[in-house]
Amino acid sequence: MTKRKEKGFTLLELIAVLVIMAILALIVTPLVMNIIRKARISADKRSIDAYGRSIELAIASYLLDTGKFPTQVSQLTIEYSGDAVTCETTQINPDSSVYLSNCKVNNREVTNYIYGTDKSPTYTAYSIGDEVTYNGVDYYVIKDSDTTEDSVTLLKAEPLTTAEVNQYGAGHVNMYSCNESDTSCYHTAYDINGYGVMAYYTSVNCGYGTGSNNTNAGCTTDYSQSEVKYVVDAWKTANAPAATEARLITFDELTEDLGFEFQQIDTSSGYAKTENTPSWVYNSNYLYWTMSQYNDSTSSVWVIQDSGSLRDISVENYYYGSVVRPVIVLPKSAL
């Protein structure tokens, strides 16, 4: 009886098998990896969803406990035990829904996936110099950011009249023309006895006068302590009740927001050259105060001249006067 000779694989056959396996690996591996990647992304999205629902539950709990709607996530106690979720935008909308975007799960980015809807309110975007009317009074826009800002800063188109300053001063200040023949220039914030002029003041004895009245007692360049602020506050209450702020214009608003190109000319007299000043910022008929001190002076503040340039005003410059031109910060919803 003869033995049958067992035949094995030849080298060529082994190589062919290896090549086929390699080809299959090249085809199958990306498919498998893609399945794994999609599964991980789906899991990450579920983690984001779970985190978002946890925030919504925390909002409901906060509302029940306090009777108020939360405005920030930091106010909430969030009970969430899943994978670590961090989002660049974690926002509670005005209706107390949640909006999450640009999130990572365990430090893995989850591209183009958001939770909820961004329901941030959008507001009108005003340009500097736009004219608006509120409560029958005309203003110019001097500061606005964009559609996400809910307030706008406005400069009253015309100063308060003599009657208004006297009315809202309520016995604190009176307003007089510089002299009987010059009605285009006004002194404001005189004391009730009519003594002189000063940037701001808090006493009936403040200002430039003659004889025994020639005193600076009670004068101040601190706007918050001035009688001018008293007038502006009273005017706001009567004419701009929706405004969140009422004051005079600041030096920074003039030079940074409104484009005043500032160059000191004469330090001793307090003149300053300004170029490219928007015409609506000044008026040829009057000067008006800012709430900023002149070079940190203790006796004078900046005024905007009828030419559009800046000058300091103090008791030494008693022949110059300036009017009250309020600035208000108004919610856009009021316009």
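Predicted model: local features only at pLDDT ≥ 70, side-chain atom pairs only at ≥ 80, totals over all residues.

I started with the open sheet: three strands in the order β1-β2-β3, with antiparallel pairing. My strands (E, at least two residues) and helices (H or I, at least four) are DSSP runs, numbered from the N terminus. The edges are β1 (85–92) and β3 (108–109), each of which pairs on one side only. I looked up β1 against β2 (residues 98–105) and got seven bridges, antiparallel. Q91 sits opposite Y99 in β2.

Ground rules, before I forget. Residues are numbered from 1 along each chain as its sequence is written, and side-chain values use heavy atoms, with hydrogens and water left out.

**Confidence**

Next I followed the strands from β4 onwards. β4 and β5 pair antiparallel over four bridges, and T133 faces D138 in β5. Their hairpin has two residues between the strands, and N135 there takes a positive phi near 55°. β5 goes on to β6, antiparallel, through four bridges; here Y139 is opposite K156 in β6. β6 then pairs with β17 in the antiparallel sense over five bridges, and S151 has P331 in β17 as its bridge partner. I also found β11 (residues 245–247) joined to β17 by three bridges, antiparallel, with A246 opposite I328 in β17.

I checked burial here too, taking buried as under 20% relative accessible area, exposed as over 50% and partly exposed as in between (1.4 Å probe, protein chains only). Five of the seven residues of β5 are buried, so β5 is largely enclosed by the rest of the structure. β17 is mostly covered, with four of its five residues buried.

**Cores**

A nonpolar core, for these notes, is a set of buried Ala, Val, Leu, Ile, Met, Phe, Trp, Tyr and Cys residues joined through side-chain atoms within 4.5 Å. Which members of the largest core touch the most other members? Y139, L154 and I328 do, out of 28 residues. The elements giving two or more residues to this core are β4 (131–134), β5 (137–143), β6 (151–156), α2 (162–169), α3 (227–239), β15 and β17 (327–331). α3 gives the most, with four residues. Apart from this core I found another, of 20 residues, among them L258, F260, W280 and V327.

I listed the partners of Y139, leaving out residues up to four places away in sequence: they include L154, W235, A240 and I328. In α3, the buried residues are E227, V228, V231, V232, W235, K236 and N239.

**Rings**

Last, the aromatics. I pair rings of Phe, Tyr and Trp (its six-membered ring) with centres within 6.5 Å; planes under 30 degrees apart are stacked, over 60 edge-to-face, and the rest tilted. That rule gives five aromatic pairs. F251 and W302 are stacked, at 5.8 Å centre to centre and 25° between the planes. F251 is in helix α4 (residues 251–257) and W302 in strand β15 (residues 300–304), so this pair ties together parts 51 residues apart in sequence. Y294 and W302 have ring centres 4.7 Å apart and planes at 85°, so I call the pair edge-to-face. F251, Y294 and W302 make one aromatic cluster. Buried or exposed, Y294? Buried, at 8% relative accessibility. W302 is buried as well, at 2%.

Notes:
Contact = heavy atoms within 4.5 Å. Pairing = 2+ DSSP bridges.
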